[in-house]
Amino acid sequence: MQLYHDGTPFFLQREGNTARVILESSIPLERGWAVGYLHGASHHAELRPHGEGLYMAELPFTRHQKFHYRFKVIVKGRVWWLNQAGVSPSAPSSLQDFAFTDQEPPAWVRSRIFYQIFLDRFKIGNPALKVKKGEYQYNGRDVETREWHESPVKETGYMEFYGGDLEGIRQSIPYFQKLGVNALYLNPIFESPSVHKYDTQDYYRVDPHFGTNEGFAALVKELHGQDIRIILDGVFNHTGDWHRWMNKAARYPEPGAYQSTDFRGYYNYSGENPDDYMSWLGYNTLPKLNYASPEVRGHIYQNPDSVIRFWLKEPFQIDGWRLDVASMIGSEGSDRDNRQILGELWQAARETRPDAYILGEHFADATLWLQGGVEDATMNYYHFMIPTWSFLTGQDHKGHPAQLDAREYADALLRGLSYLPFSHQLVQFNLLDSHDVKRFATVCPDEALRKLGVVLLLTCMGVPCIYYGDEIGMEGEDDPDNRRPMPWDEKHLWESDIHQWHQRLIGLRHQEMALREGGFRVVHAEDNHLIYERRYGPERIHVLLTKAEPLTHTLEGQWKDLISGEICSGGVEVSAKGARILKHMG
């Protein structure tokens with residue numbers, strides 16, 4: 001027996017305060033109900049026939065909270081339940097019920113392929129902006145400059161400048177279009193003494209070595225004119241010690257917390273000395289903000305001219321924020337009031353721009369943040385990247401042995417999705433690596449397996465993000481080696497097969513609605529073999545892959561191989577360490 005339901009318009013339709021829910025069953029039901037929860041009590045609505053193999057019920061719901069529901073059916077004299085955890089003979093946990101909320105992520109995100117850029121290492125557009133060697137001191141040392149072909153040095157990586165800038169991004173718009181990416185995520189761009197910019201000095205000013213506020217506004221306008229969205233990295237857990245609120249380096253004439261107790265409430269002090277402030281993970285250049293302070297909340301997101309609102313409004317009109325170390329933001333030197341604070345930030349962003357995308361950085365499970373009105377998505381390390389590394393490479397992001405077979409991998413993916421409303425499932429920020437972990441090409445040197453990683457990234461549920469250079473096979477160990485310059489002029493370093501594979505799979509993602517907005521179902525998972533389905537109503541795509549020996553699978557009906565164009569039926573074979581993406585033709 002197979003029962004199926006998803007959150008697409010083919011199975012869930014909302015009108016007013018009524019939800020019409022449709023269940024598909026492979027065998028006739030004796031009876032069945034959709035079970036919703038209204039005002040804290042369960043509500044059973046009987047399922048009625050709604051076409052061949054389909055049953056429909058109507059559930060009343062309230063808009064003041066997330067609404068969750070499941071199905072209860074009787075088949076061959078026995079009760080079965082269905083929610084996002086699957087089919088069960090006993091009542092399942094409500095935490096994994098089908099769910100929806102009015103506080104949904106913006107719909108535009110679903111059609112995007114994101115591209116992450118670490119600005120200093122991407123492309124030099126205006127050489128005159130480049131930091132000069134010894135131009136200033138940071139952390140007691142002269143800043144360094146490097147030539148584009150040189151690799152970063154671990155001991156000084158945070159203060160080595162290569163010269164990438166905003167003009168380099170503008171010049172790369174044709175490259176983005178040819179690759180097929182249509183959204184950018186930029187690591188911090190605001191004024192800061194370091195290369196990584198996670199020690200913000202001024203939230204209201206683009207770093208002068210990257211460009212100007214006016215230049216950034218013009219860049220966003222040009223990107224939007226080419227249908228390319230852009231989100232910025234917001235570092236709101238801490239500032240840099242050069243920030244005017246701390247002013248440790250005395251860069252500003254007005255006193256900060258380092259000179260005056262008037263600003264001590266902005267941070268978390270344990271004593272009277274100016275150095276007695278709490279910092280992020282013990283780095284004294286990164287004093288942690290205290291959100292018990294009304295002034296901090298006002299400056300960051302509440303005031304009309306707050307940082308969050310400033311960049312979402314004209315003339316900049318960015319499309320959203322990625323929140324650095326989102327789960328650590330809080331009051332009194334801890335994560336106290338974290339979700340309340342992030343909920344207020346989310347609300348401020350939506351008031352300013354109704355389609356703003358709020359993305360949190362979490363390396364752990366972020367389920368509690370993703371139920372509506374706090375964050376729209378998370379950088380999906382926990383429920384996508386780490387399981388994918390474990391499946392394809394046998395290690396996790398810490399380098400620990402973490403082998404997963406296909407069933408274990410499928411369970412990890414499904415578990416992560418099952419706790420989220422469908423609209424949030426569609427926009428989880430999937431990635432194979434980033435500026436904070438080793439490059440995927442280093443973790444997975446086998447090109448055939450790496451291609452499988454790209455297949456998973458571009459066809460699984462969620463929004464894909466490609467870290468600059470991954471599409472050409474760039475390697476890199478941990479920070480700062482994972483932030484090498486993009487080798488624009490050294491095409492012999494580009495892996496052309498990987499580059500073409502990215503272009504082909506990105507093209508399929510743009511072409512097929514089922515890959516962008518469809519439901520997700522595992523068809524088969526055993527040992528090294530995995531088959532899953534993306535479905536958008538009548539459109540069905542099956543992804544078949546094997547990380548080792550060949551896979552043979554029997555198809556029902558006619559299918560088209562979206563990579564080769566071949567029409568398939570009956571038995572099909574997937575070569576060792578290979579994949580096929582098949583679309584049902586009837």
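Student: Where does Ser496 lie?
Tutor: Ser496 lies in helix H12, which covers residues 496–511. Keep in mind that this is a predicted model.

Student: Is Ser496 buried, exposed or partly exposed?
Tutor: Ser496 counts as partly exposed, because its relative accessibility is 43%.

Student: And how far is Ser496 from Gly473?
Tutor: Their C-alpha atoms are separated by 8.6 Å, while the two residues are 23 apart along the chain.

Student: There's another serine I was looking at. Where is Ser194?
Tutor: Ser194 sits in the loop between E18 and E19. With 0% relative accessibility, Ser194 counts as buried.

Student: What is Ser194 in contact with, leaving aside its neighbours in sequence?
Tutor: If we skip residues within four places in sequence, Ser194 touches Tyr138, Tyr158, Phe161 and Asp199.

Student: OK, salt bridges next. How many does the structure hold?
Tutor: There are 43 salt bridges in the structure. Here is the general idea: side chains of opposite charge can pair when their charged atoms come close.

Student: Could you show me one? Which residue does Arg14 form a salt bridge with?
Tutor: Arg14 pairs with Asp102, and their closest N and O atoms are 3.7 Å apart. This pair links distant parts of the chain, 88 residues apart: Arg14 is in strand E2 (residues 12–15), and Asp102 is in the loop between strand E11 (98–100) and strand E12 (114–117).

Student: What about Asp207 and Lys197, how do their side chains meet?
Tutor: They meet in a salt bridge, at 3.0 Å from N to O. Asp207 is in the loop between strand E19 (202–206) and helix H3 (213–225), and Lys197 is in the loop between strand E18 (190–191) and E19, so the pair ties together parts that are 10 residues apart in sequence.

Student: Are Asp207 and Lys197 buried or exposed?
Tutor: Asp207 is buried, with a relative accessible area of 2%. Lys197 counts as buried too, at 2% relative accessibility.

Student: One more pair: where are Asp319 and Arg229?
Tutor: The side chains of Asp319 and Arg229 form a salt bridge, 3.0 Å from N to O. Asp319 is in the loop between helix H5 (307–312) and strand E21 (320–323), Arg229 is in strand E20, and they are 90 residues apart. Both residues are buried.

Student: Is Cys465 buried or exposed?
Tutor: Cys465 is buried, with a relative accessible area of 4%. Cys568 also counts as buried, at 3%.

Student: Now helix H7. How many of its residues are buried?
Tutor: H7 is mostly covered, with 11 of its 13 residues buried. Among them are Tyr381, Phe384, Trp389 and Leu392. The cover includes helix H8 (406–418), helix H11 (447–459) and strand E28 (539–546).

Student: What does H7 span from end to end?
Tutor: Helix H7 (residues 381–393) spans only 15 Å between its end C-alpha atoms, whereas a straight helix of 13 residues would span 18 Å.

Student: Last topic, the backbone. What stands out there?
Tutor: Most residues other than glycine have a negative phi, and most peptide bonds are trans. The peptide bond from Glu314 to Pro315 is cis, with omega near 5°, and the bond from Asp479 to Pro480 is cis, with omega near 10°.

Student: And what is the phi of His39?
Tutor: It is near 55°, a positive value in a residue other than glycine. His39 lies in the loop between strand E4 (31–38) and strand E5 (41–46), and His39 is exposed, at 63%.

Note on methods:
Residues are numbered from 1 along each chain as its sequence is written. This is a predicted model: local features need pLDDT of at least 70, side-chain atom pairs count only at pLDDT 80 or more; totals for chains, interfaces and linings use all residues. Side-chain values use heavy atoms; hydrogens and water are left out. Buried means under 20% relative accessible area, exposed over 50%, partly exposed in between (1.4 Å probe, protein chains only). Helices (H or I, at least four residues) and strands (E, at least two) are DSSP runs, numbered from the N terminus. The expected span of a helix is 1.5 Å times one less than its number of residues. Contact means heavy atoms within 4.5 Å. A salt bridge is a side-chain nitrogen of Lys or Arg within 4 Å of a carboxyl oxygen of Asp or Glu.
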